[in-house]
Amino acid sequence: MTTQSVIPIPADEAIFEQNIAILFRSILGDPNVKRVAKRGKVQKGIDVVGKRDRDPAQAVGIQCKLRTTGRKLTEDEARAELEKALDFRPKLTEFFIATTAEDDVTYDEIAAKLSQEQAAQGRTIDVQIWGWTTLQDRIGEDQKALDAFYPDSSPLTRRLE
């Protein structure tokens with residue numbers, strides 16, 4: 001099933017975060033993935049937290065960046081969010097920035113650069129930046145995530161896609 005240009009971008013940050021938590025439960029293999037704190041509270045650069053395969057040694061943080069005006073994510077923004085996330089305890093082994101901005105090769109370059117910089121400092125953390133195209137692909141792979149992001153979807157519309 002293709003989901004390109006089918007799933008509407010959420011208009012509300014809280015809904016986007018909630019739906020990202022649902023998506024990452026499947027991706028990480030952790031039913032306990034959850035949103036972190038309430039907006040406006042100290043979140044240490046992450047909106048959603050979980051563990052890879054429920055392994056306590058594999059903490060994963062996700063920062064959500066809703067973009068509704070076509071604005072791109074900048075390297076400075078990604079760097080600032082990672083810096084905050086590095087204070088999370090236990091240390092994160094993976095850090096994702098999930099954005100509704102369209103995918104861009106620059107995001108992959110920024111993520112690789114940030115991961116390499118951390119490795120040079122003796123810390124292993126996999127940094128990923130997923131734009132809306134990547135998110136749509138992943139959402140389309142998980143029925144619960146598809147239902148959350150696209151509640152108007154039905155078995156008939158899924159067959160037509």
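## Around I139

Setting aside neighbours within four places in sequence, I139 is in contact (heavy atoms within 4.5 Å) with I7, L23, W132, A145, L146 and F149. The model is predicted: local features need pLDDT of at least 70, side-chain atom pairs count only at pLDDT 80 or more, and totals for chains, interfaces and linings use all residues. Residues are numbered from 1 along each chain as its sequence is written, and side-chain values use heavy atoms, with hydrogens and water left out.

## Nonpolar cores

I139 also belongs to the largest nonpolar core, which has 24 residues. Such a core is a set of buried Ala, Val, Leu, Ile, Met, Phe, Trp, Tyr and Cys residues joined through side-chain atoms within 4.5 Å. Buried means under 20% relative accessible area with a 1.4 Å probe, protein chains only. The residues with the most contacts inside this core are F16, I20, L23, F24, I62, L135 and I139.

Five elements each supply at least two residues of this core: α1 (13-28), β3 (59-65), β4 (92-99), α4 (132-140) and α5 (143-149). Helices (H or I, at least four residues) and strands (E, at least two) are DSSP runs, numbered from the N terminus. The largest share, 7 residues, comes from α1. A second, separate core has 21 residues, including I46, A59, L73 and Y107.

## Sheet and helices

The open sheet has 5 strands in the order β1-β2-β3-β4-β5, with mixed pairing. Two strands pair if DSSP finds at least two bridges between them. At the edges are β1 (34-35) and β5 (126-130), each pairing on one side only. Strand β2 (residues 48-51) pairs with β3 in the antiparallel sense over 4 bridges. K51 stands opposite A59 in β3.

Helix α3 (residues 105-120) lies across β4 and β5, at about 165° to β5. α4 also lies across β4 and β5, but runs at about 95° to β5. Axes are lines fitted to C-alpha atoms, for helices over the stretch in contact; angles run from 0 to 180 degrees between N-to-C directions.

## Aromatic pairs

The whole structure holds 5 aromatic pairs. Rings of Phe, Tyr and Trp (its six-membered ring) pair if their centres lie within 6.5 Å; planes under 30 degrees apart count as stacked, over 60 as edge-to-face and the rest as tilted. F96 and W130 are edge-to-face, because their ring centres are 5.0 Å apart and their planes at 75°. This pair links distant parts of the chain: F96 lies in strand β4 and W130 in strand β5, 34 residues apart. Both F96 and W130 are buried.

Elsewhere, ring pairs join F16, W132 and F149 into a cluster. Two of these, W132 and F149, are also contacts of I139.

Methods:
Buried means under 20% relative accessible area, exposed over 50%, partly exposed in between (1.4 Å probe, protein chains only).
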